[in-house]
Amino acid sequence: MTVCEYRPGLEGIPVAQSSISYVDGQKGILEYRGIRIEELASHSTFLETSYLLIWGELPTKEELEAFEYEIRHRRRIKYRIRDMMKCFPETGHPMDALQASAAALGLFYSKRALDNPDYIREAVVRLLAKIPTMVAAFKQMRKGNDSVQPNDDLDYSANFLYMLNERKPDPLAARIFDICLTLHAEHTMNASTFSAMVTASTLTDPYAVVASAVGTLAGPLHGGANEEVITMLEEIGSVENVRSYLEDCVQRKSKIMGFGHRVYKVKDPRATILQNLAEQLFEKFGHDEYYEIAVELEKAVEEKLGQKGIYANVDFYSGLVYRKLGIPTDLFTPIFAIARVAGWLAHWKEQLEENRIFRPTQIYTGVHSVDYLPIEKR
Ligand code: CMC
């Protein structure tokens with residue numbers, strides 16, 4: 001066996017072979033199954049893209065209709081899960097609520113048949129259908145309200161916004177939200193996908209796979225950065241303060257949220273699309289005072305840190321889009337999770353086709369042959 005050098009964070013170490021997505025971090029290219037993200041954002045929908053990611057090909061009209069139909073009729077969550085969610089503290093973070101609720105699905109649907117394509121499809125449909133309902137339900141329940149039942153007349157994204165706000169969304173808002181989901185659906189071997197794959201490699205059930213990935217996505221270095229961006233823009237407060245804020249961060253060696261990426265050394269192509277979507281929303285629904293601050297910050301970071309390959313990532317503009325859609329800041333990361341379920345499940349399915357349990361190694365840095373010291377002598 002080849003012994004390779006230790007690389008913190010597994011930087012540059014391949015942990016799988018995959019045909020799901022591809023990133024060229026120097027050229028700023030992202031493809032799902034070979035199709036550029038810009039193409040999918042313009043022409044596809046989140047569910048069509050999910051099908052592409054999971055089954056490897058764009059669906060025919062009939063296949064897509066059947067998939068959408070199944071998902072539409074699986075959106076409801078069991079009353080016992082709703083009752084469980086009502087007991088969650090209203091001050092708890094929605095990502096923690098989502099992780100617990102996703103794991104709870106396993107209590108109801110745990111019968112595992114990982115070599116049965118019908119079981120795989122069933123789990124995919126159930127998770128894609130129910131995760132948005134859980135996110136919206138927690139938003140209602142923490143205010144003491146009952147959850148809003150899914151509306152069968154609405155498509156995936158419009159229904160989520162409806163459950164969140166108790167009113168049918170504007171069509172442009174729903175379409176833009178759907179594009180956001182498409183942009184976040186998959187991104188090669190990131191931390192939460194790796195977490196999903198490690199969990200999947202033990203042949204546990206897909207609900208445990210998704211729950212462990214949700215827990216990983218929650219951190220501020222991964223999906224949690226989109227929330228932190230808004231907190232940062234609030235803190236900066238005005239365009240005039242941008243450069244002094246940046247100087248201060250650089251002095252303190254603290255990270256500027258929404259910037260930098262392990263793979264992209266240019267602007268993330270998803271950030272470019274999201275910035276454009278934010279502008280479309282401002283045109284229709286009015287301006288956001290934070291936008292100028294964000295644009296100025298992006299310019300300043302590019303000047304100061306561009307030579308180190310630090311540019312805006314996907315999380316930088318997504319928060320501004322969600323804010324304009326009236327979504328509370330602490331739901332930004334759960335929305336990332338709604339989208340990324342597609343990618344996690346694509347990797348789960350791919351891995352099951354040729355599974356081997358993840359069992360890496362370590363470099364031991366401790367001591368040997370130490371005598372046990374009785375407690376009274378310590
Ligand atoms: N602000 C300032 N400096 C940065 C930043 C940043 N956002 N990101 C990286 N750097 C610097 C870092 O200080 C280091 O400098 P030096 O070599 O002088 O010590 C160098 O760039 C390499 O950084 P790193 O932290 O070793 O890079 P990494 O590949 O381990 O981390 C990252 C990647 C995304 C965690 C990091 O860029 C970061 O913490 N960014 C801010 C949080 C963020 O926006 N996260 C969302 C990531 S994209 C979506 C997702 O994955 O969920």
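Trainee: What should I keep in mind before we start?

Mentor: Residues are numbered from 1 along each chain as its sequence is written. The model is predicted, and local features need pLDDT of at least 70, side-chain atom pairs count only at pLDDT 80 or more, while totals for chains, interfaces and linings use all residues.

Trainee: Thanks! Why is Ser21 called buried?

Mentor: A residue is buried if 20 or more other C-beta atoms lie within 10 Å of its own, exposed if 12 or fewer, and partly exposed in between, with C-beta atoms placed from the backbone. Ser21 has 22 C-beta neighbours inside 10 Å, so Ser21 counts as buried.

Trainee: And which residues is Ser21 in contact with, leaving aside its neighbours within four places in sequence?

Mentor: Leu30, Glu31, Tyr32, Glu186, His187 and Thr188. Contact here is defined by C-beta atoms, placed from the backbone, that lie within 7 Å.

Trainee: What makes β1 and β2 a pair?

Mentor: Strands are DSSP runs of E with at least two residues, helices are runs of H or I with at least four, and both are numbered from the N terminus. Two strands pair if DSSP finds at least two bridges between them. β1 and β2 have 4 bridges in the antiparallel sense, and Val23 stands opposite Leu30 in β2. The hairpin of β1 and β2 has 4 residues between the strands, where Gly28 takes a positive phi near 70°.

Trainee: How many bridges join β2 to β3?

Mentor: There are 2, and the strands run antiparallel. In β3, Ile35 is the bridge partner of Tyr32. This hairpin has 2 residues between β2 and β3, and Arg33 in the turn has a positive phi of about 45°.

Trainee: Where does UniProt place the feature "active site"?

Mentor: The unreviewed UniProt entry places that feature at His261 and Asp315. They are spread over 55 residues of sequence, yet they cluster in space, with a largest C-alpha distance of 10.6 Å. UniProt positions are given in the numbering used here, feature names are shortened, and annotations may be inferred rather than shown by experiment.

Trainee: Why does His261 count as buried?

Mentor: His261 has 21 C-beta neighbours inside 10 Å, so His261 counts as buried. Its place is in the loop between α12 and α13, and among its contacts is Asn313.

Trainee: What makes Asp315 buried?

Mentor: Asp315 has 28 other C-beta atoms within 10 Å, so Asp315 is buried. Asp315 lies in helix α15, with contacts including Ala225 and Gly258.

Technical notes:
Two residues are in contact if their C-beta atoms, placed from the backbone, lie within 7 Å.
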